[in-house]
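Hi,

Here is the structure I promised to pass on. Have a look at it first, and then read my notes below.

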Amino acid sequence: MSIPSAHVRRAVRAAVIVPVLASVALLATGLSDGALAATGSGGPGGASTAIAASPPAGGPGVPQIVPKPVSMQVGTGWFTLGAQARIAVSGGAQAMAVGHDLAAYLRPATGYPLPVVAGRGGAGDISLAVGASHAVGSDPDGEGYSLGVTPLAVRLTAGTAHGLYNGIQTIRQLLPAWINSGSVVAGPWEMRAVQIVDYPRYTYRGVMLDIARHYEPPSAVEQLIAQAASYKFNVFHLHLSDDQGFRIVIKGFPRLTRIGGQGSVGTDGRTMDPGGFWTQAQYRQVVAYAKAHFMTLIPEVDSPGHNNAIIMSEYDDLSNPLLNDPQDINCSTNHPPVWNYTEAVGYSALCPDSQNTWTIMTAIINQLSAMTTGPYYDLGGDEVPSTVLSQSQYADFLNKEAPIVRAAGKTVMGWADIAGAGTSLGTPTIAEYWNPASGSQSGTETGTEAVAKGMQIVMAPANHTYLDQKYLAGSAGNVPATLGLHWACSTGCDVDQFYNWDPGSYVNGVTDRNVIGVEGAMWGETVPTLSDAEYMVFPRLLALSEIGWSPAAQRTSEQSPAYQDFIGRLAAQGARLQTAGVNFYPTPEVPWDLDLSVAQPTVGPGPSIGGTLANLSSPGRAKSAITATVQWGDGSSSTGTVTGTPATGTTVNGLYSIGGDHRYAQAGVYLVTVTTTASGTAPASVSFFVRAG
Ligand code: TNX
């Protein structure tokens with residue numbers, strides 16, 4: 001690759017502006033002698049200065065974006081984000097807020113001020129504009145955007161602020177992976193010239209987190225929201241209540257959290273893990289956080305089954321003035337009810353005929369709805385065996401509950417069981433199809449019943465979307481051993497399984513006329529911590545992002561071109577997750593990229609350099625699987641050392657450091673190149689100038 005002269009000039013200017021340590025370093029691949037001379041003369045005089053450089057994201061090839069844009073044309077050259085760049089915004093307050101989001105994404109790693117200004121930007125700036133005339137075709141929800149990157153400028157336009165927000169997620173992925181770093185990393189920050197027009201296939205692209213089986217604090221949920229938003233998800237479904245825990249304060253019913261929130265499913269041989277609950281202020285804050293990330297938060301309090309926590313809290317709440325002998329709420333198999341902190345399901349139910357049931361449920365629905373800015377309320381409705389409630393009791397329950405939800409101003413959503421015989425929930429109603437059954441197999445009835453009742457459908461077949469399922473087949477030998485269930489995944493549910501299916505043709509008769517989107521469900525029984533949840537969620541959620549966003553493709557097998565293309569792009573995401581501090585399962589299905597950035601070597605004493613030369617992302621590889629070579633620029637080379645934190649059973653390895661030490665025979669400016677290789681992936685290298693002596 002030859003470096004355009006504009007690039008060299010920018011880098012040299014940066015060298016003058018950013019004096020760092022004691023060497024002069026620049027992007028080197030293909031750097032000409034002229035550039036070397038320019039670099040040498042460009043730095044401040046005296047001892048030495050440094051400006052380090054990493055290579056463009058994905059090398060000189062095509063940007064590796066997930067989810068895949070509808071159309072992308074790769075142009076000529078690169079745009080370099082420089083220290084003087086501004087983010088220029090036209091289109092009002094919401095667009096301005098997205099401009100500030102972009103600045104907040106880009107400032108930590110670049111260290112640039114990136115002022116956000118009103119108006120249209122000039123050369124070297126990133127311009128954002130919202131306006132009806134910028135709407136992208138075939139995009140009824142206004143989530144699309146157009147993005148043009150030239151060597152001169154970046155221009156992002158959209159019909160809505162949400163479209164703009166989706167576009168800035170793409171901008172992040174056009175920059176080197178190290179842009180996600182929380183502290184300053186050496187540039188240059190280059191983006192390949194591209195023209196992108198992009199919009200989603202589906203309206204609803206959701207991720208669900210179960211904080212009932214294991215409590216998670218608001219901060220953990222916010223972290224997941226931020227990550228999901230960066231892959232263009234727009235729904236966060238929060239499973240707030242289940243047999244083992246009730247997680248949100250409801251006024252008038254303090255026992256729901258004091259008793260119902262005290263535990264979580266027991267793991268590691270414990271009967272019960274610690275519980276917890278959110279205040280209403282915390283819930284409101286998370287709703288607002290989601291909204292600021294253009295995600296609709298949907299609360300779910302499962303009913304009439306999956307609610308032993310409610311029953312245990314309230315069946316003997318004899319002093320509550322709102323209740324009247326509430327033992328009649330309990331239609332579970334156990335009388336009196338008993339706590340069960342195992343993974344058991346299908347034993348609890350609230351009674352549809354109890355006035356106390358509706359006093360409690362109305363308070364929950366009204367209070368949650370009032371705090372929720374989005375249009376949906378999820379009433380659950382899954383897995384109530386007819387031995388616990390008859391089908392007519394079950395239908396009766398939902399037929400009473402749905403009008404309460406609608407009266408609270410929300411659209412009813414539930415698991416697709418809600419489409420069963422006898423229910424009449426009105427429209428619109430959203431049914432989430434979770435059964436693994438496909439085609440016209442037994443088990444698909446809930447899908448076809450939902451279509452027959454005019455429901456809109458979110459596709460979440462467990463064997464393609466359940467993020468709590470183990471990656472590998474069987475109950476033994478799983479990765480990781482302690483995490484995950486496997487009831488839906490007899491052949492394992494790794495990335496290929498999450499990618500190779502199509503929501504619009506999965507169940508006969510359930511087509512894109514009815515399907516509004518997809519959702520990945522992170523059930524919490526075996527998952528006690530955020531780190532564990534991330535390990536299960538990533539990288540599979542990225543496959544679902546593409547299922548939900550990108551145009552339909554032949555996603556049929558591991559040999560299909562669509563899957564091979566996806567795996568190649570996913571390989572570039574490992575470094576992005578690592579630099580963002582996200583834990584994930586470095587599945588061997590993905591040939592994870594080697595991705596290097598330049599570090600700051602120690603210079604001196606005399607004409608010597610040493611220490612950490614470069615940082616390396618290499619998910620899933622042991623240090624011993626990586627070969628590092630350093631060419632010192634004086635004709636000599638040596639093996640680089642690879643250090644860093646290896647993987648444990650449930651954490652990805654950390655970033656690695658590449659080190660080396662060298663003494664030059666004489667003072668001078670040298671071009672140092674660090675190259676790493678590993679089997680199954682392309683080598684990576686970075687170069688920088690060092691002024692030694
Ligand atoms: C099924 S399918 C459930 C959840 C469990 C999950 C575990 C459905 C709507 N419910 O209650 O947590 O399986 O994989």
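Before the rest, a word on where the values come from. This is a predicted model, in which local features need pLDDT of at least 70 and side-chain atom pairs count only at pLDDT 80 or more, while totals for chains, interfaces and linings use all residues. Residues are numbered from 1 along each chain as its sequence is written, and side-chain values use heavy atoms, with hydrogens and water left out.

Disulfides

In case the term is new, a disulfide is a covalent bond between the sulfur atoms of two cysteines. The rule used here is a pair of cysteine sulfur atoms within 2.5 Å, and by that rule the count comes to two disulfides. In Cys489 and Cys493, the sulfurs sit 1.7 Å apart. Both Cys489 and Cys493 are buried (buried means under 20% relative accessible area, exposed over 50%, and partly exposed in between, with a 1.4 Å probe and protein chains only).

The other bond joins Cys331 to Cys351, with an S to S distance of 2.0 Å. Its torsion is about 115°, so the disulfide of Cys331 and Cys351 is right-handed. Both cysteines lie in the loop between helix 8 (308–314) and helix 9, 20 residues apart. (Helices are DSSP runs of H or I with at least four residues, strands are runs of E with at least two, and they are numbered from the N terminus.) Cys351 has 8% relative accessibility, so Cys351 counts as buried. If you number the bonded cysteines in sequence order, the pairing reads 1-2, 3-4.

Two helices that meet

Two packed helices are described by the angle between their axes and the distance between the axes. For helix 7 (residues 280–292) and helix 9 (residues 355–371), the axes come within 9 Å and cross at roughly 45°. That makes helix 7 oblique to helix 9; angles under 35 degrees count as roughly parallel, over 145 as roughly antiparallel, 65 to 115 as roughly perpendicular and the rest as oblique. The axes are lines fitted to C-alpha atoms, for helices over the stretch in contact, and angles run from 0 to 180 degrees between N-to-C directions.

Who makes the contact (heavy atoms within 4.5 Å)? Helix 7 brings Gln280, Tyr283, Arg284 and Val287, and helix 9 brings Gln367, Leu368 and Met371.

Two threonines

Thr587 is in the loop between helix 17 (573–579) and strand 19 (595–598). At 0% relative accessibility, Thr587 counts as buried.

Thr627 is in strand 23 (residues 627–631), and at 43% relative accessibility Thr627 counts as partly exposed. Leaving aside neighbours within four places in sequence, Thr627 is in contact with Thr675, Thr676 and Thr677.

One more helix

In helix 16 (residues 561–571), the buried residues include Tyr563, Phe566 and Leu570. Among what covers the buried residues of helix 16 are helix 13 (495–499), helix 15 (540–549) and helix 17.

Cheers

How values were computed:
Contact means heavy atoms within 4.5 Å.
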